[in-house]
2 protein chains.
Amino acid sequence: MLCVFDVNETLLDLTALDPLFTKFTGDPQARQEWFTLAIHTVLTVTAAGQYRDFAQIAGEAAAAVCARHGHELTDAELVKVGDGLRALPAHADVAPGLDRLRQAGHQVVALTNSPLATAEAQLQNAGLATKFDRIFSAQQVSRLKPAPEPYLQVLRAFGVEPGQAVMVAAHGWDIAGAQAAGLRTALLARPGVHPLPGLPAATYTAATMPELADAIVRS
Amino acid sequence: MLCVFDVNETLLDLTALDPLFTKFTGDPQARQEWFTLAIHTVLTVTAAGQYRDFAQIAGEAAAAVCARHGHELTDAELVKVGDGLRALPAHADVAPGLDRLRQAGHQVVALTNSPLATAEAQLQNAGLATKFDRIFSAQQVSRLKPAPEPYLQVLRAFGVEPGQAVMVAAHGWDIAGAQAAGLRTALLARPGVHPLPGLPAATYTAATMPELADAIVRS
């Protein structure tokens, strides 16, 4: 099976940015508010049939959230958000899960809305780069997930049918996009993660990456 | 000018449903949580290139939010949510704003993601139906806002160019969709309403409907 992994939150721990956003705004919830707004913007832009660079969206969302909290984000502070995004640590359960899949002979790739250079730096810095056969960015097809094009790009590159690939993500919206493109899906249901209401259940659902890898290997 | 109004939250006051969701969940924030999840689902489904009925999405989101709060929504309770949606009161500033536009000779229509029958009942029950030249639903083109098709449907029906129409909404995502389709836009910036980060400003922005109507009439 071709195992396709989302990157931010699924592999990498965004809570590492909590202190930075708390420093900017005084609110320990501001980092979550920022990422929620960035995803809301991604979904809106994509639903409206358009494309924008995810790094740009993330930066503009950071500035908007800080402004709502009365803090005008400086250019130097914006750079710190970008630096922080590129230096996120991996969740502790990720490496064992990836190893399990590779040992069982599955191919493992990453597919993210982050620009390709950002994604490569992220996986390098998190010590995960060598575990991936290839890294894909939505940027390469100028459409963001959950539009079909980013998922289909990966299938085309490996010459596989949708049913021979599984999208692994800790976000219901990413699972929904992969489902719409015909892929199998694996929802990493970390605390607070829910499937999207009214959609078919993911092919696999588990609370940790090794459990999810086990379910994929056993199937 | 052809003035196109979003319905839920823009014209009608969703806070009327707060007590119902508080009764179901014990949490006074649950109604907002519900509507946020419904819109997130709308955006995801639409970005993924698919269509689902908005009433269905709203019902499934209500059940999901109640379940997160430990309450299994019964069929009878789900009916109450639907009944409540159809019986929402208008915001107090809406009728004067619509009257101002009509008196100045502008055409006034509604465009909503709600099914057409729901939208007609909503505007009837809120005492606004006679103020609209026509009511449109995204259902009629099987694509939800902010995809271009619902906006373009309205332009086609009136035979006007995008620049001769203005989309009025209290949601940044609706403004963004109308912008992408080429329409003028008017953001009703009620408390807590923000434009989407990184997008061009709406053509008009005001805190109340009469101010927004004045800005459109004066332009």
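## Where the chains meet

Two residues are in contact when heavy atoms lie within 4.5 Å. By that rule, in this predicted model, 28 residues of chain A touch 28 residues of chain B.

The size of an interface is often given as the accessible area lost when the parts come together. Here chains A and B bury about 2200 Å² between them. Carbon and sulfur atoms account for 72% of that area. On the side of chain A, the residues that lose the most area to chain B are A:T44, A:A47 and A:P197. Together they make up 25% of what that side buries.

## What holds the surface of chain A

Three helices of chain A, α2 (30–47), α3 (54–68) and α8 (172–180), each supply at least two residues of the side that touches chain B. The largest share comes from α2(A), with eight residues. Sorted by class, this side of chain A has 16 nonpolar, eight polar and four charged residues.

What about polar links across the interface? Two residue pairs are in polar contact between chain A and chain B. The rule finds zero salt bridges there.

## A helix with two faces

Now turn to helix α6 of chain B, residues 116–125. Its buried residues are B:L116, B:T118, B:A119, B:Q122 and B:L123. Seen down the axis of α6(B), they fall within an arc of 160 degrees, so they line one face of the helix. Their cover includes α4 (75–86), β2 (107–112) and β3 (134–137) of chain B.

The face of α6(B) turned away from the buried side carries exposed residues B:A117, B:Q124 and B:N125. After α6(B) comes B:G127, with a positive phi near 75 degrees.

Methods. Residues numbered from 1 in each chain as written. Chains lettered and ligands numbered in written order. Predicted model: local features only at pLDDT ≥ 70, side-chain atom pairs only at ≥ 80, totals over all residues. Heavy atoms only, no water. Buried area = accessible area lost by both parts, 1.4 Å probe. Salt bridge = Lys/Arg side-chain N within 4 Å of Asp/Glu carboxyl O. Polar contact = N/O pair within 3.5 Å; in protein donor to acceptor, adjacent residues only side chain to side chain. Helix = DSSP H or I, 4+ residues; strand = E, 2+ residues; numbered from the N terminus. Nonpolar A, V, L, I, M, F, W, Y, C, P; charged D, E, K, R; others polar. Buried < 20%, exposed > 50% of the residue type's maximum accessible area, 1.4 Å probe, protein only. Arc of directions from axis to C-beta.
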